[in-house]
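Try each task before you read its solution.

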Amino acid sequence: MKAVVVYEHGGIEKLIYDEIPDPEVRANDVLVQVKACAMNHLDVWVRKGLPHLKIKYPHVLGSDISGIVAKVGKDVRGIEIGTHVLVSPGLTCGRCVYCLSGRDNLCREYAILGENTPGGCSEYFSVPKENILPMPKNVSFEEGASIPLVFLTAWHMLVTRAEIKPGEVVLVQAAGSGVGSAAIQIAKLFGATVITTAGTDEKVEKAKSLLGADYGINYKTQDFLSELRKITQKRGVDIIIDHTGEVNWEKNILSLTMGGRMVVCGSTSGYEGKTDIRQVFFRRLSILGSTMGSKSDLFEVIKHVESRRLKPVVYKILPMSQAQEGHRLMENRDVFGKIVLVPS
Ligand SMILES: [Zn+2]
């Protein structure tokens, strides 16, 4: 079968759409004929290489998969061939205290498809049956593939970690990113007032008109902290959703109101944020880390997608043979929402 693979780490030229052996279908596995695979910033990190990453080559990229069940392993019951499905992007052991208490994202064996293990940017993908989710009825395969990783991440950050409440004020950094576009919608779903940032006026406008953000700040032409203070009349925000890391860290802390919570799921600009510790204890702030979410979070997300309260944001659909172009767009931040690859 054809797949987007890397044989070694480096620039976008290291991405190759190549012929590799068909996946093995073990007794507990479901074989999915892949119809769409959405890209994440994680794919860029994996392509470039991460210090902790130990993988076998050729390594297939891709964490977000939608498709049709093509075959099931001999121990799989209740999943019919031909069913339209999404794939949950986290693999876990299924037997530890975390897995069995619904906090499977804390499992010591937690692995993300396409990062620690082979991904699904390929014609076929084999995955344990526990990772098979129903496809929301009213979305295309491309929209479906745009849901799992970013909505799971944003849901877990806002609902589980920050415990968002109606009426709170939420700052979502980087509206054009996948997590940003999901977080704005989830915060609105919970009745929050949303302030967001983006690097162009066009993205600011889309965040408001497409996603429902109440206020947008162009961080290239405006200082987000002073704008945010104007908007909130110096009060600050209750919750910050951030994956930008170093570049906004100090100002993020100053943006929080008393008792505010900042949830961080990445550090795309660098990982050495400076913290004035006095701000943290005087103002009773919480800094919360978050990575992915539990499998059950996605059932909640799918419910809201089906009732159209949340919508996947597809920016561009490309054939898998043009994966290099997809990575180029992501690295240049020329996106608003998801880039989706389809078998070509
Ligand atoms: Zn476990």
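**Exercise 1.** Find which residues coordinate the zinc ion and name the geometry of the site.

*Solution.* Start with the donors, that is, N, O and S atoms within 2.8 Å of the metal (3.2 Å for Na, K and Ca), with water not among the atoms, so sites may look incomplete. The SG atoms of Cys-93, Cys-96, Cys-99 and Cys-107 coordinate the zinc ion at 2.3 to 2.4 Å. Next, read their spacing in sequence: C-x2-C-x2-C-x7-C. Then check the angles among the four donor atoms, which run from 106 to 116°. The site is tetrahedral (four donors, all angles between 85 and 135 degrees). For reference, the ideal angle for four tetrahedral donors is 109.5 degrees.

This is a predicted model, where local features need pLDDT of at least 70 and side-chain atom pairs pLDDT 80 or more, while totals for chains, interfaces and linings use all residues. Residues are numbered from 1 along each chain as its sequence is written, and side-chain values use heavy atoms, leaving out hydrogens and water.

**Exercise 2.** Decide whether Cys-93 and Cys-99 are buried or exposed.

*Solution.* Apply the cut-offs: buried is under 20% relative accessible area, exposed over 50%, partly exposed in between (1.4 Å probe, protein chains only). Both Cys-93 and Cys-99 are buried.

**Exercise 3.** Classify Asp-238 as buried or exposed, and find its side-chain partner.

*Solution.* Asp-238 has a relative accessible area of 8%, so Asp-238 is buried. Its side chain makes a polar contact with the side chain of Arg-235 at 2.8 Å (N or O atoms within 3.5 Å; within protein, one able to donate a hydrogen and the other to accept it, and residues adjacent in sequence count only if both atoms are side-chain atoms).

Methods: Tetrahedral: all angles 85-135°; square planar, octahedral: opposite > 155°, others 65-115°.
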